[in-house]
Amino acid sequence: MTGSADSGEEIKVPIPVKVVVAGGYAVGKTTFVGSISEITPLTTEAAMTTVSDGVDDAGLASQSKTSTTVAMDFGRITLGRSDLILYLFGTPGQERFHFMWDELVRGAIGAVVLVDTGRLGDCFAAVDYFEARELPFVVAVNCFNGAVLHPLEAVREALNISAEIPMFHTDARVRGATRDALLALVQHALVRSRG
Amino acid sequence: MNDDRRSDLHDPGIEELGERSFRVRPYALTGGRTRSNLDLPLETLVLCNARGRMVIEQVSMEQRQILVMADNPISLAEIAAYLDVVIGATRVLVGDLVAAGFLDARTGGSTEQPDIKLLERVLDGLRSL
């Protein structure tokens, strides 16, 4: 059924909700999104113009503008009786695009921080960012190809994550694991909003 | 379904001014006002309504593409991705169509207080997957 019925009654627009998926480069954000998205993950871009000071050919001070685009992968899942659509947005790779992170977290339920134990440092910035903004988040340690499961306590200590933040293993390729990660986040957000 | 939408978009009638910009042709019905100031979040959902369907042959090519895409609920981010246009420019186009009353729009709500009922609905929805 599309659009509206012939009687002229309009179908209501569903409510959109949003979760941010953060983590270092190539940690598996797009895989995570793709494992549960009802559409193949899409990429959207935001334009950013930077102005830099320099010197022109005549040796005079001048400014030059550079246009860059910031890309984000995202997916969607329709929930309930099609009255809710959940969007999952991956954060842009470079941490310097903080203006984009502000837009991504605005109105979000919270974030899933994906961790690669081989590159823990990659997610420090994400954890700091969400803590500073008091955005609910959970930490999902991505394990693939039968890698040895690192003890979560060691990861928690290394990232300096407080005890009440849910942390668990996940496999970004597996739909059920991704769903469980999202469930953990929403439950955490509920606990925080009631508390 | 979404692949079908994509294949409709490569129309020689789109006037490209550059790699990431194109001309927005004001449609007659809004008396020349072509820029809206709606600060629509990325996940804003839009749906073409009856008024939108009535003007679909009279609006510009880009606006028609959006109205067609919005035959089912679709987000600002998806529209930008399918049109291959940056978010900012897409936001203006979609905002204009919303302001003109051709698209119904829904955003997620305020960030100030988490909506507990909404979170519970999300929880139930995820559990049912």
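These notebook entries record what I looked up in a predicted model with chains A and B.

**Entry 1. Chain A as a whole**

I began with the secondary structure of chain A, which comes to five helices and seven strands. Reading along the sequence, I noted the pattern β-α-β-β-β-α-β-α-β-α-β-α. The C-alpha trace of chain A spans about 65 × 60 × 35 Å along its principal axes. I then looked up burial: 41% of the 195 residues of chain A count as buried. For contacts in chain A between residues at least 6 apart in sequence, I found that 70% join residues at least 24 apart.

**Entry 2. Strand β5 of chain A**

How many residues of strand β5 (residues 110-115) of chain A are buried? I found six of the six buried, so β5(A) is largely enclosed by the rest of the structure. I next checked both faces of the strand. A:Gly110, A:Val112 and A:Leu114 point one way from β5(A), while A:Ala111, A:Val113 and A:Val115 point the other way, and all are buried.

I then looked for the partners of β5(A). Strand β1 (residues 15-23) of chain A pairs with β5(A) in the parallel sense, over five bridges. In this pairing I located A:Gly23 opposite A:Leu114 of β5(A). Strand β6 (residues 137-142) of chain A also pairs with β5(A) in the parallel sense, and five bridges are found there. Here A:Val115 has A:Val141 in β6(A) as its bridge partner. I followed the chain through helix α3 (residues 124-132) of chain A and noted that β5(A), α3(A) and β6(A) make a right-handed β-α-β unit.

**Entry 3. Helix α2 of chain A**

Which residues of helix α2 (residues 98-105) of chain A are buried? I listed A:Met100, A:Trp101, A:Leu104 and A:Val105. These residues cover an arc of only 130° around the axis, which puts them on the same side of α2(A). The face turned away from that buried side carries A:Phe99 and A:Asp102, both exposed. I asked what covers the buried residues of α2(A), and the cover includes β1, β2, β3, β4 and α3 of chain A. After α2(A) I came to A:Gly107, whose phi is positive, near 80°.

**Entry 4. The contact between the chains**

I turned to the contact, which takes 41 residues from chain A and 41 residues from chain B. On the side of chain A that touches chain B, at least two residues each are supplied by β1, β2 (42-55), β3 (61-79), β4 (84-90) and α5 (175-194) of chain A. Which element gives the largest share of this side of chain A? I found that α5(A) does, with nine residues. Sorted by class, the side of chain A that touches chain B has 23 nonpolar, eleven polar and seven charged residues.

**Entry 5. Chain B as a whole**

I went on to chain B, whose secondary structure comes to six helices and five strands. From the N terminus on, I read its elements as α-β-β-β-α-α-β-α-α-β-α. Chain B has 129 residues, and buried residues make up 36% of them. Among contacts in chain B between residues at least 6 apart in sequence, I noted that 73% join residues at least 24 apart.

**Entry 6. The open sheet of chain B**

In chain B I traced an open sheet of three strands, in the order β4-β3-β5 and with antiparallel pairing. Its edge strands are β4 (74-75) and β5 (103-106) of chain B, and each pairs on one side only. Strand β3 (residues 45-48) of chain B is joined to β5(B) by four bridges, and the two run antiparallel. I located B:Val46 opposite B:Ala105 of β5(B).

**Entry 7. Two residues with positive phi**

Last, I looked up two loop residues. A:Ser82 is a residue other than glycine, yet its phi is positive, near 65°. I found A:Ser82 in the loop between β3 and β4 of chain A. Is A:Ser82 buried or partly exposed? It has 14 other C-beta atoms within 10 Å, and A:Ser82 is therefore partly exposed.

In chain B, B:Asp84 is not a glycine either, and its phi is positive at about 60°. I placed B:Asp84 in the loop between α4 (76-83) and α5 (87-99) of chain B.

Notes. Residues are numbered from 1 along each chain as its sequence is written. Chains are lettered from A and ligands numbered from 1 in the order in which they are written. This is a predicted model: local features need pLDDT of at least 70, side-chain atom pairs count only at pLDDT 80 or more; totals for chains, interfaces and linings use all residues. A residue is buried if 20 or more other C-beta atoms lie within 10 Å of its own, exposed if 12 or fewer, and partly exposed in between; C-beta atoms are placed from the backbone. Two strands pair if DSSP finds at least two bridges between them. A crossover is right-handed if, with the strands pointing away from the viewer, the path from the first strand over the helix to the second runs clockwise. Two residues are in contact if their C-beta atoms, placed from the backbone, lie within 7 Å. Ala, Val, Leu, Ile, Met, Phe, Trp, Tyr, Cys and Pro count as nonpolar, Asp, Glu, Lys and Arg as charged, and the others, Gly among them, as polar. The arc is that of the directions from the helix axis to the C-beta atoms.
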